[in-house]
Structure formats: C-alpha cells, structure tokens
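Open the structure in your viewer and keep the selection panel at hand. The tour goes stop by stop.

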Amino acid sequence: MKSGKKKNYNLIVGGTITGILLIFIVIGFFITPYDPNAMDASAKFAGMSLKHPMGCDNFGRDILSRVMKGAGTTLSVAAGTVFIGTFFGMILGAVTGYFGGILDEILMRVNDAIFAFPSILLALVFISLLGSGSYQVVIALGIAFIPSFARIVRSEFIKCKNMDYVKNAKLQGAGHLRIMFVHILPNTFTVLLSAIMIGFNNAVLAEAGMSFLGIGVQPPQASLGRMLSEAQSYLFRAPFYAIFPGAVIILMVLGFSLLGDALKREEQ
C-alpha cells in the first residue's frame with residue numbers, strides 16, 4: 001500500500017510538472033511577449049517588472065520570451081534525440097534479442113563497445129564530424145542514445161520470445177516480423193516508456209550541457225543551456241539571468257524523472 005501511494009505521488013507530481021511545462025512551451029511556439037532576439041540597449045539588465053517579468057539580459061532581450069523559446073528548443077532537441085535512439089535501438093534490440101546466435105554476438109559486441117563511452121563524449125565525437133547546430137546535436141545525441149535503448153529492448157525480447165503466446169503465434173504460421181512487432185513489441189511498451197522518460201531526462205541535460213559549452217545550439221537561437229552560458233559572466237550583476245533558465249531545466253529533469261520512476265514501479 002505504501003509503495004502504491006508513492007508511485008501515484010510520483011505520477012501525479014511528475015505529470016503535473018511536465019504538463020505545465022508543455023503548456024508553457026507550446027504557447028512559446030506560437031506567441032511570446034516580445035521577439036526573443038529583439039535587442040533594446042535601454043533595457044540592458046533591466047530587473048524583473050510587469051513589463052519584463054523575468055528581466056532582460058545583457059543585450060536588452062526579454063528573458064521570459066527567450067526562456068519560452070529556449071525551453072521549446074531544448075525539448076525539441078531532446079524529442080528528436082529520443083526518437084532516433086528509440087527507433088533504431090528498438091530495431092537493433094528486437095533483431096538481436098529475437099534471433100540471437102552469431103548475429104546477436106556481433107551486433108551486441110559493437111553495441112557494447114559504443115555503450116562503453118559516455119553518451120556526451122560520444123556525441124562530441126559526432127559533433128566534431130557533423131559541425132555544431134541544433135540538427136547536428138539531435139543526430140549526434142540520437143546516435144549516442146541508440147545502445148542504451150537497444151540493450152533494454154533486447155533484454156525484453158529475450159524474456160518474451162519463449163513465452164506461450166509467441167509459441168502459439170509460430171504454430172499458427174505467423175512470420176518472424178509479425179511475431180516481433182505485433183506480438184512481442186507491444187508487451188515491451190511499459191518498460192520502453194519508462195526508458196523513454198529517462199531518455200528525455202538525459203537528453204535535456206545533454207543538450208543543455210553541449211549548448212553551455214558552445215557546441216550545441218548556436219546564437220541567436222535561444223536554448224536553455226546557451227542562456228546559462230551567456231549568463232555566467234553576470235551572475236552577481238543579474239542573477240535572474242541564470243536563475244530562470246536554470247529553474248526550467250531543473251523542472252524538466254524533475255518531471256521526467258518522476259514520470260520515469262512511476263512507470264518503472266508500474267512494471268514491478
């Protein structure tokens with residue numbers, strides 16, 4: 001009973017935080033109080049006010065508008081990253097887990113070699129080849145995330161492929177592709193969904209970190225990590241410059257972490 005209450009608490013709080021942030025981000029895709037890139041020399045480091053609820057940065061740009069756009073950029077990069085990692089990881093994990101044998105040995109040894117490198121370090125290698133920018137970050141991080149999703153899906157396929165419903169499907173003449181993607185894959189969705197939430201968590205942090213270092217999203221495009229990088233020189237003069245994008249990153253990570261934890265408990 002106690003565990004159930006905690007699970008529901010995580011789901012409710014995580015869902016509420018994520019839902020509010022999604023509304024905030026969706027609004028930012030269509031309308032912001034000001035042009036996020038519009039500069040106003042007279043408003044440099046303007047404090048929080050009714051006109052600028054989050055203040056202005058060193059170029060006189062409205063921080064609220066940039067946070068709305070930046071959160072959308074960060075979440076879009078995270079979504080693209082998770083999509084690439086999930087899609088190709090799911091296919092790789094399904095094939096190796098279902099067929100096994102020499103194919104499994106070869107592909108998973110390659111997968112393990114890639115997985116041995118930290119995802120951000122691996123993404124940096126791809127960024128050096130592809131160049132910097134939001135699309136390049138999506139591709140680089142997406143490739144770096146494939147091994148982790150492949151391992152999760154593979155373990156689920158190994159666990160499910162000898163179950164009775166799979167044997168019945170084989171007796172009825174179902175082909176390998178149908179068994180893999182119609183019979184087995186839907187039974188991995190709970191585990192996969194939990195991994196996706198954790199993937200979003202990691203992708204948000206990875207994008208913010210890379211943009212902070214200047215190798216992710218490039219100016220003048222707003223990104224939460226980029227805003228933190230720009231704000232670090234003005235922490236004492238204008239602390240609100242860093243507080244608000246930093247707070248949104250924390251809330252994103254917290255929301256996805258709680259949802260991932262709730263879904264993980266659902267599996268048990």
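Predicted model: local features only at pLDDT ≥ 70, side-chain atom pairs only at ≥ 80, totals over all residues.

Stop 1: Select residues 134–160, which form helix α5, and residues 189–212, which form helix α8. Two packed helices are described by the angle between their axes and the distance between the axes. Here the axes come within 11 Å and cross at roughly 155°. An angle over 145 degrees counts as roughly antiparallel, and α5 and α8 are therefore roughly antiparallel to each other. The crossing of α5 past α8 is right-handed.

Now show the side chains where the two helices touch. On α5, select Val137, Leu141, Phe145, Phe149, Ile152, Val153 and Glu156. On α8, the partners are Val191, Leu192, Ala195, Ile196, Gly199, Asn202, Ala203, Ala206, Glu207 and Met210. Colour this contact by residue class: 13 residues are nonpolar, two are polar and two are charged.

Stop 2: Move to the loop between α8 and α9 (224–231) and select Pro220. Is the peptide bond from Pro219 to Pro220 cis or trans? The bond is cis, and its omega is near 5°.

Stop 3: Go to the loop between α1 (2–30) and α2 (63–99), where Phe45 is found. Check the backbone of Phe45: phi is positive, about 55°, although the residue is not a glycine. Is Phe45 buried or exposed? Its relative accessible area is 15%; the cut-off for buried is under 20%, so Phe45 counts as buried.

Conventions. Residues numbered from 1 in each chain as written. Heavy atoms only, no water. Axes fitted to C-alpha atoms, helices over the stretch in contact; angles between N-to-C directions. Helix = DSSP H or I, 4+ residues; strand = E, 2+ residues; numbered from the N terminus. Parallel < 35°, antiparallel > 145°, perpendicular 65-115°, else oblique. Left-handed = near helix turned anticlockwise from the far one by under 90°. Contact = heavy atoms within 4.5 Å. Nonpolar A, V, L, I, M, F, W, Y, C, P; charged D, E, K, R; others polar. Buried < 20%, exposed > 50% of the residue type's maximum accessible area, 1.4 Å probe, protein only.
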